[in-house]
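The tour below goes from one selection to the next and says what is to be found at each stop.

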Amino acid sequence: MIDGIFSAYGDFIGWLYTAGLQPMLYALGMMDYADDLYRWLDFAVFGLIGIIVSWVVCRPLEAANPVERWENRDPVHTDIIYTVLSRVGVFPLLAFVLLNGAQSWLEGTIANTGFVAPTLESLVPPLRDHPLLALACYVVILDFGEYWRHRFQHRFGWWWALHSVHHAQTQMTFWTDDRNHILDDVLAALWFGALALLIGVPLGQFPVILLILRLAESMSHANIRMSYGSVGERLVVSPRFHRLHHGLLSAGQTGKNYGVLLPVWDWMFGTADFDRRVYPPTGVPDGPEGLATGSWFRQQVLGVRRLAQALTGRG
Amino acid sequence: MSFPRALLLVMLALFASPAWANLIYVLNSGDATISLIDSVTRAEIRRIPALREPHHLTLTPDGRDLLIADSGGNELYVMDPANAEVRRRVRVSNPYHLAYSPDGKYLVVASLRRDQVDIYDARDLSLLQRLRVGDKPSHIAFDPESRFAYVTLQGVRSVMAIDMATRQPAWQAEVGREPAGITWNRGRLLVGVMGESHFAVLNPETRQVERQIPTGRGAHTIFPSPDGSVLYGTSRVDSRIIAINPETLEITRSYEVPGGPDCIAFDPEGRIWVSLRWVQRVGILDPRNGDLETIRVGRSPHGVFVQPVRGE
């Protein structure tokens, strides 16, 4: 059955590409990008499937056992825009178009120094024969990197100015996962890219695993009164665990529970709070109202303004 | 079962079994795997993990090793072609397409993403020269005397000639939008002009495109048949394989091959194995009657290779 699903998916992508995207690329004189845009199409369709899966799993749980109920859900709708832009690949496509030349130049320059980027598998050869185990190692290392990026997002005032867009949401749902300022996304991509250069990243080869990881991250933001139990809370970031991070008293530098997927880092570095009774309200106490309830564009503008204020010391 | 019936079955089994089964290698660039297919049963018998993004492959001049280039993994796998056993791995910067010079002295590797062409000593794969070239060096061909390596530069509409004596670029000629595959044919270079609908015939002496062979949108790669009697070119947008007379450069036949045909390999029975880039399949085309069969492989299959193996 699984084979059948993959087969149908492959046929669908193939049809979409050969009947639609490739003739368009040819007509636009962009066949140079045929391989890259095929990969992007795969990413975009899988992103769309990811949204559907997250919705199918999270939405009923949110309806059944919510932490909060709201009359007006407009702020949630803004987060949907963030999600679509991010997961269906509009931002990655834009980044590719804008940064492709720069990336090629950078990689060529590094290659000229004689440096050939390693991979985890070349450093630990037994992993070559166990791709899923290798992937698990990558996920752990990358999650460790994400933990520290997240710590720095709260540690530095200028970075918090951008990251507060994510935290400003007072109606946190599974859609909130992708609510990030564009510049914050760029910084995240650079952070991830640097780590990728050090250890190599095979994530794109495992779309189903990626789907599960994204689902876990959506779940952690979901408006659900749910913890994973005394053991589970220490294995995977739960809605309860992450809500505490988004709590009003946790904004800025005084945060807890920075882990993105694995709570073990908070445990190790003393930032964990495993109190399973607490479901605080979310938001940024000193943030302007527009940061929480403004349109997508308004939030982006406010993010830049707060960044400028932080950099000039007027924030 | 009666004796005559049993005898008949045995006879049928003996004569129905082909003398040769071939081992087919397909590089799945999209999910970093290598599919191994038995040409008789048409079954995928193994799927070997690669590192990141295997695209192209070539045999060493002595035929002992199969080199598989994993561009994203920055590695060459040196494999035993008979059984796909990895003999060793070599760290190489972003190998995309690769080819040995006909005299067997050099291995030339194009890096599509890093705008570089590397020249390696074929004996020990030590790097002799790295050339920074124009945007997107894509495919490589040589003249039979190994005097020049010719590299298509996808991003700058050109073919670059590299003098193998000096290991420096000798000249560059414009051939059309997004040139990809390239091969030497009777003193001319045939270049798949991917952004257009033809193969360009480039005279390396005059550095002029002398004529065009119309093949269909997205002309891509071109391969001579093992006996040199036919050239087969692929068109990825119109999804077809074109048979071309190498003497006259006239098109002799066209085969509709849905799915974006890309690289080609020939089996000893005269069939064409072709990677169908966009539909996660490899095609088996019998050029004599146009019959096409497909087998599911991994994502974005690209390089393909046939290793004849003695069968049952």
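Which residue forms a salt bridge with Arg243(A)? Select Arg243(A) together with Glu68(A), and you will find the salt bridge between them, with the closest N and O atoms 3.8 Å apart; a salt bridge here is a side-chain nitrogen of Lys or Arg within 4 Å of a carboxyl oxygen of Asp or Glu. Arg243(A) lies in helix α11 (residues 239-246) of chain A and Glu68(A) in the loop between α2 and α3 of chain A, so the pair ties together parts that are 175 residues apart in sequence. Over all chains, the count by this rule comes to 38 salt bridges.

Before moving on, note that this is a predicted model, in which local features need pLDDT of at least 70 and side-chain atom pairs count only at pLDDT 80 or more, while totals for chains, interfaces and linings use all residues. Residues are numbered from 1 along each chain as its sequence is written, chains are lettered from A and ligands numbered from 1 in the order in which they are written, and side-chain values use heavy atoms, with hydrogens and water left out.

**A helix pair in chain A**

Select α2(A) and helix α3 (residues 74-87) of chain A, which pack at an angle of about 145° with their axes 8 Å apart. Helices (H or I, at least four residues) and strands (E, at least two) are DSSP runs, numbered from the N terminus; axes are lines fitted to C-alpha atoms, for helices over the stretch in contact, and angles run from 0 to 180 degrees between N-to-C directions. On the α2(A) side, show Phe43(A), Ala44(A), Gly47(A), Gly50(A), Ile51(A) and Ser54(A), which make the contact with Thr83(A), Val84(A), Ser86(A) and Arg87(A) of α3(A), contact meaning heavy atoms within 4.5 Å. These residues divide into four nonpolar, five polar and one charged, where Ala, Val, Leu, Ile, Met, Phe, Trp, Tyr, Cys and Pro count as nonpolar, Asp, Glu, Lys and Arg as charged, and the others, Gly among them, as polar.

**Where the two chains meet**

Now display both chains: 44 residues of chain A are in contact with 46 residues of chain B. The two chains bury about 3,500 Å² between them, 44% of it on carbon and sulfur atoms; buried area is the accessible area (1.4 Å probe) that two parts lose on being put together, summed over both. The rule finds nine salt bridges across this interface, and to see one of them, select Lys136(B) and Asp32(A), whose side chains meet at 3.7 Å, N to O.

Next, colour the elements that give two or more residues to the side of chain A that touches chain B, namely α1 (2-27), α2 (34-64), α4 (90-112), α5 (120-123) and α6 (131-155) of chain A. The largest share of that side, nine residues, comes from α1(A). Its residues divide into 19 nonpolar, 16 polar and nine charged.

**Sheets and hairpins in chain B**

Turn to chain B and select the open sheet of four strands in the order β4-β5-β6-β7, where the pairing is antiparallel; two strands pair if DSSP finds at least two bridges between them. The edge strands, each pairing on one side only, are β4 (54-59) and β7 (85-91) of chain B. Within the sheet, five bridges join β5 (residues 66-70) to β6 (residues 75-80) of chain B, and Asp70(B) stands opposite Glu75(B) in β6(B).

A further open sheet of four strands has the order β20-β21-β22-β23 (chain B), also with antiparallel pairing. Here β20 (219-224) and β23 (251-256) of chain B are the edge strands, and the twist averages 20° from one strand to the next. Strand β22 (residues 240-244) of chain B pairs with β23(B) over five bridges; show Ile242(B) opposite Ser254(B), then Ile244(B) with its bridge partner Ile251(B). Between these strands the hairpin has six residues, and Leu249(B) takes a positive phi near 60°.

For the last stop, select the hairpin of β10(B) and β11(B), which has five residues between the strands and in which Leu125(B) takes a positive phi near 55°.
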